[in-house]
Amino acid sequence: MSEAAVLSVRNVSKSFGSRRALDSVSVDVRKGEMIALIGPSGSGKSTLLRSISGLQTIDAGQGRIDAFGGAVQSDGKISGKVREARIRIGFIFQQFNLVGRLTLFTNVALGSLGRIPFARGLVGAWPAETKQAVMAALARVGVAEYAAQRANTLSGGQQQRGAIARALVQKAKIILADEPVASLDPVSARRVMEILRDLNREDGLTVVVTLHQVDYALRYCERVVALKAGKIVYDGPAVGLDRKQLIDIYGPEFEDVFWEGAPK
C-alpha cells in the first residue's frame, strides 16, 4: 500500500462458479480522489466495490485489500479488524437500503450506531450530538424538510440523498457508491452526483462510484478506472478517454451508456 493510498487492492480475483468476475485486479485509491468505475454489465465493477468494503469475500490466494493501512481481507478471508475500516467507509447502494417504515431521520441516525451504545439506537434514544448531526447532514444534502416522513413515502432521489446523509452521520472518510443513480431520473441523478462531487471537493471525502452512465463519469470524476471481463483495461484521467477507447471497452453499442450524448 503506497504512502498516500487510503485503499489498496492487490492481485484480487473473485470467481462465481466457473465465471471469473475479477481477474488479478490491482488498484490504489489516494486520499481525496473521486474515481468512477465503469465497464459493461458483468465487468466486475460492483464485485470490486463490495470486495473493498468486505461485503464480498475474494478468492483464496495472493489477493489482498487494505483500507487506512489495515487489512480488510486477504487470502479469501475477512480480517478480524475489518470493523475498524468499515466504521470509516460509507456504502451507498443502488436501491438506497433505507428501512421504509422508519422515518428519514431515524434511517440517517442509524449511521451513528458504530459510535453509540446499541441499546440506545435500538429504542431511538439518540444523543443530542447525534440529533444535531442528523439534521445537519439532511440539510447538507437538501432533504431536511422530509426528516419526519417515512422513507417509503419519498422519491428515489430523496431516499438516495438520505443514504448519503447517513454516511455523513457515520463520519465516513470514504464513500463507496454502487450505481447510486441507476434507479433515478436524470434530474435526480445529476443532483446526487453533484452532492458526491461537492463532498469530495469541499469536505475532502474520498469517493469511489460505479456508474453505467459514462457521461456522468467523465463529467464528475477526474479519474476513471474501466473494467472489462474482470480486468482493468483503463486507469487514468477522465479526459484521456476517447471514442475509440470507449468502443474497445463497450463495443459498438457504447452510445447506449450515455444519457446525454456520446462523444464524436
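This is a predicted model: local features need pLDDT of at least 70, side-chain atom pairs count only at pLDDT 80 or more; totals for chains, interfaces and linings use all residues.
Over the ring of which residue does the charged end of K14 sit? The ring is that of F16, and the charged end lies 5.2 Å from its centre. A charge sits over a ring if NZ of Lys or CZ of Arg is within 6 Å of the ring centre and within 35 degrees of the ring normal. Likewise, the charged end of R88 is placed over the ring of F68, 3.9 Å from its centre.

Residues are numbered from 1 along each chain as its sequence is written, and side-chain values use heavy atoms, with hydrogens and water left out.

Let us turn to the aromatic rings. Rings of Phe, Tyr and Trp (its six-membered ring) pair if their centres lie within 6.5 Å; planes under 30 degrees apart count as stacked, over 60 as edge-to-face and the rest as tilted. By this rule there are 2 aromatic pairs. The ring centres of F91 and F93 are 4.6 Å apart and their planes stand at 45°, so this pair is tilted. The pair of Y216 and Y220 is edge-to-face, with 5.9 Å from centre to centre and 90° between the planes.

Finally, I consider accessibility. Buried means under 20% relative accessible area, exposed over 50%, and partly exposed in between (1.4 Å probe, protein chains only). F91 counts as buried because its relative accessibility is 11%, whereas F93, at 23%, counts as partly exposed. Y216 and Y220 are both buried.
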